[in-house]
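This report looks at side-chain packing and at the pairing of aromatic rings. The sequence and the model are shown first.

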Amino acid sequence: MGDVPIILQLVRDLAMYERAPEEVVATEEQLVNVLFGERQVAEVLIAFEGELAVGFAVYFHNFSTWLGRPGLYLEDLFVKPEKRGKGYGRALLVQLAKIARDRGCGRMEWAVLDWNEPAIKFYRALGAKPMHEWTVFRLTRDEIASLANSEHVE
């Protein structure tokens, strides 16, 4: 739990890189609950250069009904821009692949912003393939509440 301030700072650094710093509303208390609480919903790997945290990967398990196996979903992978090119991103992905393999996952998946050409090139070099037929949909908190409060119609 001592890493939570580091994790939150890396989340903020990622949001700055993705041009959306105002969208980070997570708190240390929330991260403690979801990462280390009674019902952990995600896990985190942190890359260090000496004592300095230089990157992180946040992941969780999803499930493939077609494969009948869990999958590993990479929510965020971030290496500080000034520390890129030193192998930290690859090292994090190698560790995630080992976790996925050891846990019997049928696949690893993640999303990447379409403007992030360096990341796309990096992922392709590792053998990852884009899923061109798929479109990501999202409901945010307000839309979730609206849908949850709607009438069930058959």
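Which residues does Leu-77 touch, not counting residues up to four places away in sequence? Leu-77 touches Phe-56, Ala-57, Gly-89, Leu-92, Leu-93, Phe-122 and Tyr-123, where contact means heavy atoms within 4.5 Å.

The model is predicted, with local features needing pLDDT of at least 70 and side-chain atom pairs counting only at pLDDT 80 or more, while totals for chains, interfaces and linings use all residues. Residues are numbered from 1 along each chain as its sequence is written, and side-chain values use heavy atoms, with hydrogens and water left out.

Leu-77 is among the residues with the most contacts inside the largest nonpolar core, which has 18 residues; such a core is a set of buried Ala, Val, Leu, Ile, Met, Phe, Trp, Tyr and Cys residues joined through side-chain atoms within 4.5 Å. A second, separate core of 14 residues includes Val-11, Phe-56, Val-58 and Phe-78.

A search of the whole structure finds 5 aromatic pairs, defined for rings of Phe, Tyr and Trp (its six-membered ring) with centres within 6.5 Å, where planes under 30 degrees apart count as stacked, over 60 as edge-to-face and the rest as tilted. Two of the tilted pairs are tabulated here.

| Pair | Centre distance | Plane angle |
|---|---|---|
| Tyr-17 and Phe-78 | 6.2 Å | 50° |
| Phe-122 and Tyr-123 | 5.6 Å | 50° |

Ring pairs also link Tyr-17, Phe-78 and Trp-115 into a cluster.

Technical notes
Buried means under 20% relative accessible area, exposed over 50%, partly exposed in between (1.4 Å probe, protein chains only).
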